[in-house]
Amino acid sequence: MTDVAEGSATDVDRSQRAAGARGHVPGDSSMWFFVIGDLLIFGVYFVGYMYFRGQHHELFLKSQARLNLDIGAINTVMLLTSSLFVVLGTEAARAGNRAAALQRFWIALAFGAAFPLLKMFEWIPEISAGVTPGKNLFFMYYYVMTGMHLCHVALGLVIMCFILRNLKTSKAPKISFVETGATYWHMVDVLWLVLFALLYLMR
Amino acid sequence: MAELPKAPAPSAGQATSWRRNRKLDQWIAFWSVPFFFNLFGLVFVPLSWMMPPRSPSSSTPHIVGFMHSHNLLIACVILTLAYGLAPVSNACYLMQVKRMSVSPAFRYSMMIGAITGAIVGMLFPMFCFGLGAFRPGYSPSVLTMLYDFGYLAFIGSLGCFCVMWMAFGLAIILDENNILPKWLGYYTIWQYVTELMAAPVWIAKSGPFAWNGLMTFWFAMMLYVSWQFIVYLCIYKAIKNQPEAELDNAPPEPHPGALEITSKTSA
């Protein structure tokens with residue numbers, strides 16, 4: 001997504017790589033601006049959710065019991081594994097091992113792509129059973145927040161494809177772009193962990 | 001809007017006159033934005049109390065009283081007159097997007113997004129609220145429908161602007177000419193993603209996801225207003241920093257050669 005902006009950053013990257021990763025902000029600094037802002041926005045949603053949960057405690061607990069905890073847990077593992085391979089792939093790209101980086105990013109993409117598929121296996125039976133956003137406030141929160149997160153996952157998968165293209169086609173892969181994409185993907189992962197805890201686990 | 005820069009015959013010693021300012025068209029478009037938003041704010045809040053939005057679960061007598069108020073009719077008349085300012089104020093964004101090294105598809109999407117958004121988000125509610133005040137004889141059930149239609153069009157249509165601002169944000173991020181700062185592109189992405197939050201207003205009739213709710217209205221509005229201010233400041237800087245030779249309307253009079261230098265993307 002941001003590969004055009006990285007052109008001037010490649011030379012800097014090489015010296016940074018040589019100097020070691022200590023004290024260097026990985027990726028594009030405007031991505032960090034985005035990540036922090038996005039976390040703040042989701043933070044407001046989480047606070048709002050907690051407030052209304054406190055107001056309708058019984059309703060939220062009863063509705064929560066209807067969620068598919070198994071798929072939620074499998075999806076958590078999928079995202080965490082995907083993030084692990086993103087870390088390994090970034091390491092390989094930094095070390096200049098392009099083949100390994102490509103392989104690891106493909107695995108990360110596969111685990112990431114499983115997330116929306118599994119989400120459909122979760123959502124479709126729920127919606128056909130009449131558990132729609134209009135049912136009550138809990139399900140409205142559930143669909144809105146997981147839906148927003150799903151948009152983030154979709155964008156992350158697109159970014160991952162750009163990373164793969166960058167690693168595959170360019171003579172000197174842009175490490176800062178790989179790092180920018182990895183930063184974004186980890187944010188998606190962190191958001192899911194909080195969502196999973198708030199929506200599925202909290203009692 | 002673009003007719004103003006037809007500068008009069010050059011008169012010696014008056015080179016700094018505001019009428020000869022080659023960015024005059026852009027500045028007019030630019031200053032129409034605060035004028036437009038202030039007018040909007042005055043009409044919506046203290047004049048008609050259309051905003052902050054009334055509750056979707058208001059009682060029928062409340063709805064009828066509101067729809068029949070004279071101030072609402074005056075507000076709709078003012079909005080009818082001001083409606084044309086929307087294209088002028090959008091021109092100031094489009095002229096800067098045109099300078100970016102991105103496909104024209106971005107600015108065409110912005111343009112069409114702004115048009116569809118303004119029709120649904122401004123024209124429809126204006127007609128709905130105006131109609132209610134126009135003829136006192138409408139039955140309460142018709143007035144309730146117009147009330148729902150007006151508010152749903154106004155708040156539930158934020159998604160129309162979504163594509164417009166998505167094109168704007170992506171153009172900023174992909175642009176190589178650095179017309180606007182990259183972080184503004186990312187900021188725009190949050191802004192338009194929160195506009196998607198308007199979807200639940202079609203389902204919820206009370207609570208945080210109703211059209212007057214904490215999440216769908218207040219939070220989205222807070223983000224939008226602060227974003228609008230910041231975009232506005234960035235556009236100001238971009239117009240200020242734009243080299244004169246790069247302007248579309250740079251007249252050939254002083255140095256005919258100056259016209260050769262045009263931006264990467266031209267009409």
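**View 1. Between chain B and chain A, 0 salt bridges are counted, a salt bridge being a side-chain nitrogen of Lys or Arg within 4 Å of a carboxyl oxygen of Asp or Glu.** This is a predicted model, in which local features need pLDDT of at least 70 and side-chain atom pairs count only at pLDDT 80 or more, while totals for chains, interfaces and linings use all residues. Residues are numbered from 1 along each chain as its sequence is written, chains are lettered from A in the order in which they are written, and side-chain values use heavy atoms, with hydrogens and water left out.

**View 2. The side of chain B that touches chain A draws two or more residues from each of α7 (158–174), α8 and α9 (214–241) of chain B.** Its largest share, 8 residues, comes from α8(B), helices being DSSP runs of H or I with at least four residues, numbered from the N terminus. In total, 21 residues of chain B are in contact with 22 residues of chain A, where contact means heavy atoms within 4.5 Å.

**View 3. Thr194(B) lies in helix α8 (residues 182–195) of chain B.** Thr194(B) is buried, with a relative accessible area of 3% (buried means under 20%, with a 1.4 Å probe and protein chains only). Apart from neighbours within four places in sequence, Thr194(B) is in contact with Ile41(A) and Tyr45(A), and also with Phe219(B), Ala220(B) and Leu223(B). The side chain of Thr194(B) reaches the backbone oxygen of Gln191(B) at 2.7 Å.

Key. Buried means under 20% relative accessible area, exposed over 50%, partly exposed in between (1.4 Å probe, protein chains only). A polar contact is a pair of N or O atoms within 3.5 Å; within protein, one must be able to donate a hydrogen and the other to accept it, and residues adjacent in sequence count only if both atoms are side-chain atoms.
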